[in-house]
Number of protein chains: 2
Amino acid sequence: MTVQESTTGADPKGGRPVLPSRGRQRPLGMGETTLTGGFWATLQQTNATATLEHCEQWMERLGWLANFDRVADGTTGPDRAGWSFADSEVYKLIEALAWEHGRSGDQVYDDAVRRLTARIARAQDADGYLNTCFGHAGRQPRYSDLEFGHELYCTGHLLQAAVARLRTTGPDELVAVARRAADHVCDTFGPDGLQGICGHPEIEVGLAELGRALGESRYVEQARLFLDRRGHGTLKDIPLGRAYFQDDVPIREADAWRGHAVRALYLSAAAVDVAVEQDDQELLAAIERQWANAVARRTHLTGGMGSRHQDEGFGEDWELPPDRAYCETCAGVASVMVSWRLYLATGDVRYADLVERTFFNTIATSPRSDGRAFFYANPLHQRVPGETSDDDAVSPRAEGGSRAAWFDVSCCPTNVARTLATWHTYLATAGRHELTLLQYAGARIEAELGDGRSVSLEVETDYPQDGLVTVRVLRAPEGPVTLRLRVPAWARGAELDEGGRRRPVPPGPAVVDRELEPGEEIRLHLPMAPRFTWPDHRIDALRGCVAVERGPLVYCAESVDLPVGTELDDLTVDTRAAPRYHEGRVTVRASTNHRNDPEPAWPYGTPADLGGTGSTASMDLALVPYHRWAERGPTGMRVWLPVARPS
Amino acid sequence: MTVQESTTGADPKGGRPVLPSRGRQRPLGMGETTLTGGFWATLQQTNATATLEHCEQWMERLGWLANFDRVADGTTGPDRAGWSFADSEVYKLIEALAWEHGRSGDQVYDDAVRRLTARIARAQDADGYLNTCFGHAGRQPRYSDLEFGHELYCTGHLLQAAVARLRTTGPDELVAVARRAADHVCDTFGPDGLQGICGHPEIEVGLAELGRALGESRYVEQARLFLDRRGHGTLKDIPLGRAYFQDDVPIREADAWRGHAVRALYLSAAAVDVAVEQDDQELLAAIERQWANAVARRTHLTGGMGSRHQDEGFGEDWELPPDRAYCETCAGVASVMVSWRLYLATGDVRYADLVERTFFNTIATSPRSDGRAFFYANPLHQRVPGETSDDDAVSPRAEGGSRAAWFDVSCCPTNVARTLATWHTYLATAGRHELTLLQYAGARIEAELGDGRSVSLEVETDYPQDGLVTVRVLRAPEGPVTLRLRVPAWARGAELDEGGRRRPVPPGPAVVDRELEPGEEIRLHLPMAPRFTWPDHRIDALRGCVAVERGPLVYCAESVDLPVGTELDDLTVDTRAAPRYHEGRVTVRASTNHRNDPEPAWPYGTPADLGGTGSTASMDLALVPYHRWAERGPTGMRVWLPVARPS
């Protein structure tokens, strides 16, 4: 069974980033879901009131916006502001503003979209080309550096921004600009055109979605062309190898995500879009396989992807160092993009499990609670506390440790912004006679099922603080409805309570399949006792360690919580005592065994050489949710805690 | 007590790379030591007969030599061959050739030095400036990119080459070229000149040694100026931070080696030279402190330094991942340079312990046994076998896994070449009434002591295969002589046998202090049973693992030695059974526990989730010396082996 919905022009369901024309599940639009409070509503509100303005101010200050004015005014030159991909940040901000306008209806965001659109529209060439880095006076020629020029990458983000505008507001100047840009790309790189691809995938996912949103199959076909042109050494070799931009192996043949993580994931998201639109089972199966292998062997506990700083890349199977984990925030966004598309195509809630893990432990980790500073990399272990960030400075570095107001390469803030603005569209999906709840948050849902009937629900929960999710039926159609509630993979011992009839529900979809009664309540009880989590023995960097999780949240120890005179390096955890949750805090039984080093010594030898004499301190150590680490200032941090050997 | 020796012009002792004018120990020259056979004699011979020619051929083929001709002929332009530092490879080759000529007296190496000198001399400007990358038609101006231009770095290598020539042959055209270049540097960057430093230290160590070799204290003082000018933000900030080129903290104040490893170590070598020449105890103490901290917390078991690929840098304390260990071959060479200078200054044999470890396990690891391919990085764990290298191609990558004939950045082959050509000068040193044997190899030593008396010894040994070192006195002076034999730190249970009187000698110098008899034999018995070595608990990446060492050699497991159907990832070692040495092979009792994965799964959970069912194979697993890994073709490899938990 597939659910089909065709929407070109403004989205009658209020807008959503991804709208496949077929697939197992239909995503709900912004008109169908509203957050009423809780964890994500708070983040969404901070995003709307602080982050969006913050991003625009920085891009104005740094001249990234003025780059467009300079092209329009014919004053370009060698001194252009920012990296080649700075245009894309402007487009991602416009996308975020458009979604936020769609979500809240607040005119201020509409005004901002119009204001920014007017500036970029002026910079578009007559043939549709739009880029401030290439193709104008004093700049390199168009498409002269496909490896690293990011021209098509920037265009891809423009198209995604136009999709947001089109679906929330309807056709406007931004959509017209994007259509001209997309036509230019198809004319230039079509079957008989330049046989090139962009070093950074993104045009593909932009073309596919704009094609769907406008009913232009030519755009989708151009995305397919780009996908299949890749993997044949189309780009030049580079010191990092062609795997860096996934030009080493054709996407249909590859088994593993490799190279630059964001590049690999944007590419895969597009591949799912194309596979679904063109009913290309081979291509869909390739991404399902790559997803499964990466999740099993190349993903950190937080859902973070990318183990190498050198190339912001995946690394090899089992290469998952907590200290050097890169786990770029943008790779978290991109991973959600892929998993969400795979879920819509297949209906398999495993994909939503990874979406949840990544939302809570990678994407939510990035923004500071005031929405005005961000993590770029998200390591799982920080030995040396980061520096206190200067909110008035651009950070030249991606390293973890402290959130920065802005980065020299500032892809993450705008990516977080556009994702948070749409968070509620990942909450639930509709099938033919069915509604699936995927994420849990206080919300109202008024969804149309595939059969045309509609259901109205209210969800009440303090998740992830509390494990009780109450689904109240506000309005129900005649006849049976299949209500599916995702029981996360971590939730062993969950129970579903229908009017007092309580039954265990294993991980996967918990199904209620009957006529619903207005006013009735269905309660999902998710087990929220904190738990120890062990790593596979093949992950060398985690040997002898455990992590602590509670519900969907990964926890960590911060050195600021250690007693004076004890060191994070000397910490061990006693796994014979279960972690506890009490008065809102997770604690573990821990010790620090501090060896007195009179002078530095060779750190390899017999146990007797290394044991030394020392002092031991035992304690109940409080852990904090990983997504809030470093909120109290610079600190050492560990997600993975060494296990004390039984004495 | 300090030993003083002043030699300007040709070295009456036959040449040596480092000749401090004071210090606790005097290095022996090439006229005082000869290798008679064994491990290092073989490497030295291969270096002479294969590597030197190999390097010259590659640099001719790639145009790095022709760069000099083009400057001389006025045909430079934007299309110059190689990186900005390609000149330095030519200089390192000349240095290696000069030493090899000094060692062997073979005219072919002398001819090569003259041939190459003639080409570089033609490229020198009238004012002494000599660089093929900057300062000529179609190129950037002189000293316009001190951060990354490597101009002074190249000059430093020119000066070191001239030292080799001067000490082995006497003043010649190369020495004249170097003197003009050094004068130009002093004139340009002196106290009243440009207040700049080079992004890559090396000029300092070149100036200091040429100053010593020519009796030009001005050069030493210029080296000091460069040293003290560093650490104050003299260079621009870069994304990697100023720590990358040690411009973040003044060298006298720093506690840790940090940033790019080769840069940090070349700088420290120069600091010891300057400290010794100018009797600067503060500066000497700073490098002793930095050495001690790095050896305790930032050094791999192999002596390798550098834990990050991103910046070829140290990383933080305890950041010692075996898989991503960078351990650049050149950092091994540079580490020996520092340790050797510290030993000469202090007489502390701990420094020679690290020299031995680094020689056997980092520097000897680099060249393939035919001397025509090299490791650049030296990781301690290889998951995916490297590719079979193409001996006719330039490798764009530094990654470990397979030795490459040449690299795009090809600093390591010439660095290995110049080091191997002088290996015998690290064998022994003289004090006032004393001779110290530091490294063990079949050799003849005819050394002059500080008091003017001379001693002649023959050393017989199959070290490191065998632990017996026989020192035969060939000729002895009247009166007592202090003979010191370094007992390595790893050698617990060593014994010294003087004419049948056998006594235990602990690590450190074993001392014989009496009149020596011609013909008598002193035997050092070093314990050669293979041993398990554990890591400090603070090295997270090695938790739960042991390594195996035998004598000075680190061993490793290679996947090519595993039974078919077993995986290196599944290997565990039973540490209750001691490692064995039998018929030339080291073996450990090992198992592989292969879990059957029907399909990829989330790799974090309870032990029950992760245990699965599987098959166990037990075996006596043969290990190979780390320095010979990948000699039988591409293979997986592990130095650190997970310990089986007692069942």
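Select Arg80(B) to start: at 11% relative accessibility this residue counts as buried, where buried means under 20% relative accessible area, exposed over 50% and partly exposed in between, with a 1.4 Å probe and protein chains only. This is a predicted model, in which local features need pLDDT of at least 70 and side-chain atom pairs count only at pLDDT 80 or more, while totals for chains, interfaces and linings use all residues. Residues are numbered from 1 along each chain as its sequence is written, chains are lettered from A and ligands numbered from 1 in the order in which they are written, and side-chain values use heavy atoms, with hydrogens and water left out.

Asp87(B) counts as buried, at 0% relative accessibility. Over all chains, a search of the whole structure finds 142 salt bridges.

Next, go to Glu319(A). This residue is buried, with a relative accessible area of 2%. Show Arg308(A) as well: it forms a salt bridge with Glu319(A), and the closest N and O atoms are 2.8 Å apart. Both residues lie in the loop between α10 (281–297) and α11 (329–346) of chain A, so the pair ties together parts that are eleven residues apart in sequence. Helices here are DSSP runs of H or I with at least four residues, strands are runs of E with at least two, and both are numbered from the N terminus.

Keep Glu319(A) and bring in Arg324(B), with which it forms a salt bridge whose closest N and O atoms are 3.6 Å apart. This pair crosses between chains, and Arg324(B) sits in the loop between α10 (281–297) and α11 (329–346) of chain B. Arg324(B) counts as buried at 11% relative accessibility.

For a network of salt bridges, select Arg167(A), Glu209(A), Arg212(A), Asp273(A), Glu277(A) and Arg341(A), which are linked in one.

Now turn to the rings. The whole structure holds 58 aromatic pairs over all chains; rings of Phe, Tyr and Trp (its six-membered ring) pair if their centres lie within 6.5 Å, and planes under 30 degrees apart count as stacked, over 60 as edge-to-face and the rest as tilted. Select Trp64(A) and Trp406(A), a tilted pair at 5.8 Å centre to centre with 50° between the planes. Trp64(A) is in the loop between α1 (39–61) and α2 (66–73) of chain A and Trp406(A) in strand β5 (residues 406–407), 342 residues apart. Both Trp64(A) and Trp406(A) are buried.

In chain B, pick Tyr326(B) and Tyr376(B): their ring centres are 6.2 Å apart and their planes at 70°, so the pair is edge-to-face. The two are 50 residues apart, with Tyr376(B) in the loop between α12 (350–363) and β3 (381–382) of chain B.

For a charge over a ring (NZ of Lys or CZ of Arg within 6 Å of the ring centre and within 35 degrees of the ring normal), select Arg550(A), whose charged end sits over the ring of Tyr581(A), 3.5 Å from its centre. In chain B, the charged end of Arg350(B) sits over the ring of Tyr351(B), 5.5 Å from its centre.

Finish at Ala331(B), in helix α11 of chain B. Ala331(B) is buried, with a relative accessible area of 0%. Its contacts (heavy atoms within 4.5 Å), not counting residues up to four places away in sequence, are Ala261(B), Val262(B), Leu265(B) and Met305(B).

How values were computed:
A salt bridge is a side-chain nitrogen of Lys or Arg within 4 Å of a carboxyl oxygen of Asp or Glu.
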